[in-house]
Structure formats: structure tokens, C-alpha cells
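Work through the exercises below with the structure in view. Try each task before reading its solution.

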Amino acid sequence: LSGTGSVGPISFAKLLKRYRLPARLSSAEDVLALIGCVLRRETEPCLAQLSILLGDIESQLTTAPAAVAAAAAGTDDQIVAFPNLNLDQLDKLCNSFCQDVYAMRFDLTKYRTRIEQELVLLSNNNNNNTDSAALCSRLKKLNWSSVDLLEIHLPAAAWFPDLLRHVIVQLADRVWARLRHCVGLAELAHCQTLYTLVSCDHHPARLDTFGVCLAVVSACQLLEVPTVRLALSEDHAWLVFGHQLEHSAEVSWAGRTLQSLRGQSVQPEHPAGSGAGSSWLYLNGNAVLCETHWLTLVAMVTSISPRITGGQLHPATASSADHQQHAQLQSKPLEGLKQRLLWQLYDFGHLKCYPLALINLADLESANPTHRQQQRQPRDELFEDCSFSAPGESVAVSLYNEAIRANLVYYNNCHVYPYLALGGYFYRKSQCRQALRYWCLAARTVAQYSYSREDAEIYKELFEVSNELVPRLLRSSADTGVSSDARSLAALLHFYDAICLWEQDSNTPVLHVGWADRIVKCLLLFDPVARQALKISCREGQELTSAEDATKLSNYSPESVKLLKSVAEGCSNALLNPRYLLGLSPTVFLSDSTASKPSPVHSTASSNCSSSPAGGVPVTLRSRKMCGIASLFCQARLNSSAIKLQLTAQSQVHFKRPHQQQSLQSQPQPAASSASATESARAKRLRFRSGSEFCS
């Protein structure tokens, strides 16, 4: 368990004897005692051994027929006993994985010169160290096309980035050779441990992104490949390496496709869509870096899935429909074990910089409160609405707040799930104002990214919040006076504004008719009093100062400036007489006096906004879509059609690429007469709507 790369066999019996523990792991207390002994050691744990152990426990508690039947009956916490772990079988699985890794040979022919240079440089820096000199002489007799890494035993300083990337790619290819290639693996449960990989001798295995990365990191640990660590975002995993962990490498697929990205860096311009620097999937470079294998162990425990996946379903042979059949069932014994393991890791201080682990522990505490002491934290403005009523609830809310603090302190407020989780907690407690507030903070956090198709998971979460949870919560909280609460309405507007801002500079639209319908229905649930109490301001309008306009107008004569201003003032006024269009009046155009009158909608909005109290609830809108309809939110009666039309409008115009424009220009153009004769009906409609025909 030392992780020193020893080729000797792994034995759980020797491990238990070393720690003076019972000869068998027959209860959850025995597993906790073993993990506690591992945590007290100075050397880092063997990831492969612990992953296989936890994977076996998870598999037996979620796929065994007795566990499934008891979970369906709701009596699994009383009937289901701790699984009978066959330690001899676990030893065989561990040694099978280790021997498979030890048997690998690497072709390092093109890196030979660089390795020798690094060793010579290292020898000179160490005043002609005899170990380095002996290693250089031994490498001269080496077959560079088939290298055993344990045999050459390169020092850590001699591992340069290109060599590390080459080894990582070779290990990832070895893992992928044993996988069953299909789409949607990330949605299946129990595919994140090495037990899933090594227990499928006769069938292709299934691993999710985290499982592939964990397998490569475990192999690097066995081969003594230094400084290869796990990097985790909220929905993705990759590897980082180098002395400062400054290099990165993908080892899995991209999003929902099977496009292989193994070996590629997580660069600002990611090939799978929008830039990785602006995508939520990569958190703007603020992912959790497992700098030590203790934090990797935390990630392994956090990834435990208590979801029941069916009777005797094998991870490699079961279909997706079989796995989804029991998706609503949870294994209570496994939930209890996971909760106790997380508390154990929390007591050792390994959870303080991992928000997702704190969220998992808070969710478990919310569902099954323990008698832990309340984890009170200093109050500040961000957490002023948190309540500490019941003992179980106080610990859960404190853990949620601790996850938010970790997000703010360590990750520049780039993680979204801490706010979503706390908002979901208040939703379950029917606390509408607090839920809306933290959902608003979640949307503000995601607004700093640009949406791409890789962000499907967070899109699902926000879609569920906007279209299901918020309407349900507002209807159930109608008796509490939420409909007349201007602050709740302000939080809701900020939530929608952040969603529009998330969509604003992206290449893929977010809002569609389904979003717009639910948004309008939620806004209609509030009373006109709440809308009139808002004090709406638009940052988009404030940022466009009149200095630039004055500079542009200085190039014109005073008469031209006066004409432009008069045209600008009347550009929003009606020109055609609606009674003429209905056949009730012979006058085509409105008179100047009639046309100069502002539209009823604009006048109503202005009067309502002006009637808002000076000390109203401030609402600052930042997105172009919401700023375009800001005045509508102050009206006594909402213009639903205008709001839907604005929210579903295209947020970005895609221009043709230069080579496409050149190809179009190179094509022969028809004559003007033939062009007008062959003009399509759609082009005519577009030209008529733009007013070009009418103006001519």
C-alpha cells in the first residue's frame, strides 16, 4: 500500500495484519478503521487497491438481488447486511491490474537524446553524482524501442513534459483498449472505479471520464511516473503534470461524442467548441487539482454512487434501459458508509478545498442528519439569510456555506454547484426567498462563461430550475406573500438576466420558446405592486456614454446634427395609419401631431417606472435582451408577446467565413434584370419587412 512501485504482490491480509485490524472486513466499522489507518500514514495510499475495494463494496450494495429487493421495499437499512468481501479475490484483481501495468513497454526512441541530456545536466548539477553516472552508462545498453520504466528508474528531475505526455497517452490507450466504446457512458452509474475495469475479464468494460483518468493516475503511481495528478471540474476530468502542474492532457472523449482527445492539452482554443477558457466545462482554469493522492482519495469517495442499477446487472453487459429502471432507488447502507467516510476525511482536513465533496456531505446530512456538532462559521453579508433551526439542518447549511467559501477562496467563484445545491436545499424546505437568492447567485456565476454544447449538464440543471422548480415553488409559496415581494421578483429578474448574459456571446443559443413561456408565467405570478416597486437600471445603457456619440456628431454640420436628432427622436413613432390598413380611413400616413405622440406601451412603462418609490428595490440588468425589455417589467400588465419575442431572438449573427465570401465573389453574377425576375419569395418578404421597397 506504500505506492512505491514495488512489483511484489498486493495482499489485503498483510495490510490488515500490519495495522492490527481484524482478518476480514466484515462491517462498515472495519472499512472505516482501515481508511483511518491509511490516512494516518505519511506515505500516500495505493490508489488502485483502494479503488478496487470501494468499487467491490459499491457493486455488491447496488446490484445484488437482495439489496435491490430491500431497496424497493424500503427496508434495506434494516435487512441488508454489509457485503461479504472476498479478500483473496480482491488480491487477484489488484495484482491483475498491477501486473498488466508492470508488463507495459514504452517506445522512447525519439526521446533518447533528450533523456541523456537531462541526465548529464542533472549529473553536473549534483557534482558528478555516481547514481546519475551509473544510470547514463546503463541507458547506453538499453533497447529504446521497448523500455521498462521500473527498470531504468529515471529520477523525477529527468521527466520532461513531452516524455510525460507520451507515457500518459500510452497508458490511456491501454485503458481504452479494454473499454466498450459507446455514447453516454458518463450518465451510467458505477463506472468510476478500477473494479469495473478489472472485473470484466470476458466482456469489454465501461468507465466514465473520471474512471479513465483514475486508471491512468493509478498506473503512473505504480510505474513511479512523477507529478501526474488528477484535475476535476464540475463535470469533467483530465490530467495535469509537470513540476508545477502547469501542463495538461486529455485522456478521454469530448462531451457526448467519441472524438478522441487523448494527449491534447486543455488549451484556450479547445477543438470541441468554444474556447476552454470561456467554457464552464473547464472552469476558466479553476479546476480542483488533486496535488496529493489524499485528495484523489476524496474524489474517489465523492464519486461513490448509491443508486440502484438493477438485479444481477453486470456493468459491462447491462443496457442503458436496464440501468435507468431503478434510477430512483438508493442504497441506504451505501449512503451511510459514504457519509461516514466523508466525515472521516473531513476530520483529517482533506475536504476544505473540494466544494463538490462538501456538497455531497451536506446532501447526505440533509437527508440523514447525524449528531455532529454544529459547524458554525462567521456570518457575513453573503450568508445573512442562512437559518440554523434544527440540529441536522444547521450542519447541512453550514457545509453548503463552507463549499461556497471554498469556491470563493480557492477557485475565484468559478464553481456553480455550491449555489445550486444550497438553493435546492432551501427549495426542499419551501423557503422561497432564500432559494431564489442562491439560484440567482448560481446564474450569475455561470454568466461569466460562454455557453457551448459541452455544457449540457449545467444547462439541464438551470433548465430544471427555471422551468420546473421556480414555477412550482412560486405556486406553493403563494400564501406566504411571495407574490407581492419585490425582492423575490428582483432575484428572479437577475436570474433570467444572467441566463441571457450566458447566452449573449456564445455560438449556441440557450433560450427557446420553452424557456420564454415559463419565464412569462413566473413573472405573471407576481402582483403589479411588486413590479412597480422595482427600480430597474441597465448597465448596457450606462456603459454606452454620450462621449462617443458627441465625437461622431462633431464631424457633421449643425444642420445635419439637428436633422439627425429629429429623426432619432421620431424613429420609434408610428408612421402608417392603422385605420387605413383596416379600411376605415382614406389617410395613409399619420399626421405630424399624431405621429409625435409616444406609443401607449412606452407611455405606460414610463409612467409606471416613474411612479416607483425612490427607495425601491434596485435591479441592474446587464444582458442586451433584458435591457431591451426593461421598461416592460414595470408595467401593471405585462406584454407577454413582446417578452417572448425578445427572449427567443437570435443573440448573435454568424457572418460568413472569408474563404466562403471569396468563393461567392468568384462565382459569376447574373444580370440585374434576371436577378429581379428570379428573386425568391423569401427574399421579397425580407426586403419588404426591412422597408427598402417602401422607402424607394
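Contact here means heavy atoms within 4.5 Å. Keep in mind that the model is predicted.

**Exercise 1.** Find what His293 is in contact with, leaving aside its neighbours within four places in sequence.

Solution. 
- Step 1: Locate the residue. His293 is found in helix H13, residues 293–302.
- Step 2: List the contacts. His293 touches Glu44, Pro45, Leu47, Val217, Gln221, Val228 and Arg229.
- Step 3: The relative accessible area of His293 is 4%. Buried means under 20%, so His293 is buried.

**Exercise 2.** Decide how helix H16 and helix H18 are oriented towards each other.

Solution. 
- Step 1: Take the geometry. H16 (residues 355–367) and H18 (residues 417–428) pack at an angle of about 10°, and their axes are 10 Å apart.
- Step 2: Apply the cut-off. Angles under 35 degrees count as roughly parallel. Therefore H16 is roughly parallel to H18.
- Step 3: Name the residues that meet. H16 brings Pro355, Ile359, Asp363 and Ser366; H18 brings Tyr417, Pro418, Ala421, Tyr425 and Arg428.
- Step 4: Sort them by class. The contact of H16 with H18 has 6 nonpolar, 1 polar and 2 charged residues.

**Exercise 3.** Work out which strands stand at the edges of the open sheet of 4 strands.

Solution. 
- Step 1: Read the order. It is S3-S2-S1-S4, with antiparallel pairing.
- Step 2: Look for single partners. Strand S3 (247–249) and strand S4 (288–290) each have a single partner strand, so these two stand at the edges.
- Step 3: Check one pairing. Strand S2 (residues 237–241) pairs with S3 over 3 bridges, in the antiparallel sense. Phe241 stands opposite His247 in S3.

**Exercise 4.** Classify two aromatic pairs: Phe426 with Tyr438, and Phe463 with Trp515.

Solution. 
- Step 1: Take Phe426 and Tyr438. Their centres are 5.8 Å apart, with 25° between the planes. Planes under 30 degrees apart count as stacked, so this pair is stacked.
- Step 2: Phe426 is in helix H18 and Tyr438 in helix H19 (residues 432–446), 12 residues apart.
- Step 3: Take Phe463 and Trp515. The values are 5.4 Å centre to centre and 70° between the planes. Over 60 counts as edge-to-face, so this pair is edge-to-face.
- Step 4: Phe463 is partly exposed at 28% relative accessibility, whereas Trp515 is buried at 0%.

Terms used:
Residues are numbered from 1 along each chain as its sequence is written. This is a predicted model: local features need pLDDT of at least 70, side-chain atom pairs count only at pLDDT 80 or more; totals for chains, interfaces and linings use all residues. Side-chain values use heavy atoms; hydrogens and water are left out. Axes are lines fitted to C-alpha atoms, for helices over the stretch in contact, and angles run from 0 to 180 degrees between N-to-C directions. Angles under 35 degrees count as roughly parallel, over 145 as roughly antiparallel, 65 to 115 as roughly perpendicular and the rest as oblique. Ala, Val, Leu, Ile, Met, Phe, Trp, Tyr, Cys and Pro count as nonpolar, Asp, Glu, Lys and Arg as charged, and the others, Gly among them, as polar. Two strands pair if DSSP finds at least two bridges between them. Buried means under 20% relative accessible area, exposed over 50%, partly exposed in between (1.4 Å probe, protein chains only). Rings of Phe, Tyr and Trp (its six-membered ring) pair if their centres lie within 6.5 Å; planes under 30 degrees apart count as stacked, over 60 as edge-to-face and the rest as tilted.
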